[in-house]
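Visitor: I'd like to learn how to read a sheet in a protein model. Could you walk me through one?

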Amino acid sequence: MNFGLLREPASRVPPVLGESPSSDAELEAGAQGWYVCAACDERLAREDWVLEHTAQAPLVFANPHGRFFELLLVTHVCGGLFEGHATTEFTWFSGYAWRVGSCEGCRAHIGWHFEATQGDLALREFVALSRAAVKLRSE
């Protein structure tokens with residue numbers, strides 16, 4: 001897949017994701033490392049939850065205020081809070097509404113939760129982590 005350095009809003013629909021883990025054992029199984037909150041080290045997403053092609057090429061988006069964010073797309077997170085009503089206003093992914101996310105441990109901004117607004121999308125939800133808000137920690 002070809003990703004540019006900057007995407008216009010609603011220009012890319014992410015790939016299909018896998019099942020969310022249903023137990024603590026599944027959270028630990030197969031993990032190579034964890035993406036943790038850069039501010040407090042709260043575990044957010046296992047390294048193997050990253051949508052494969054987003055780990056290789058940068059995804060950079062700008063918000064309406066001109067602030068740029070480099071994103072890492074993951075299937076889900078376990079230490080994030082995504083509150084409020086989702087909106088499609090200024091969405092970066094066509095067919096998806098978003099909510100701002102924060103770290104469960106320290107409430108620092110970590111990214112956005114995207115959920116499908118159209119029934120024909122195979123990917124029902126995913127999380128876009130801000131690369132500046134996370135760091136990879138080998139376990």
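This is a predicted model: local features need pLDDT of at least 70, side-chain atom pairs count only at pLDDT 80 or more; totals for chains, interfaces and linings use all residues.

Visitor: In what order do the six strands of the open sheet lie?

Guide: Strands of a sheet pair through backbone hydrogen bonds, either parallel or antiparallel. Strands here are DSSP runs of E, at least two residues, numbered from the N terminus, and two of them pair if DSSP finds at least two bridges between them. In this case the order is β3-β4-β8-β7-β6-β5, with antiparallel pairing. β3 (59-62) and β5 stand at the edges with a single partner strand each, so one side of each has no neighbour in the sheet.

Visitor: How many bridges join β7 and β8?

Guide: Five, linking residues 109-116 of β7 with residues 125-130 of β8; Phe114 has Phe126 in β8 as its bridge partner. β6 and β7 pair over seven bridges, and Gly101 is partnered with Gly111 in β7.

Visitor: Why is β7 largely enclosed by the rest of the structure?

Guide: Buried means under 20% relative accessible area (1.4 Å probe, protein chains only). Six of the eight residues of β7 are buried, so the strand is largely enclosed.

Visitor: Is Thr91 buried or exposed?

Guide: Thr91 is buried, at 9% relative accessible area. Thr91 sits in the loop between β5 (80-82) and β6 (96-103).

Technical notes. Residues are numbered from 1 along each chain as its sequence is written. Side-chain values use heavy atoms; hydrogens and water are left out. Helices (H or I, at least four residues) and strands (E, at least two) are DSSP runs, numbered from the N terminus. Buried means under 20% relative accessible area, exposed over 50%, partly exposed in between (1.4 Å probe, protein chains only).
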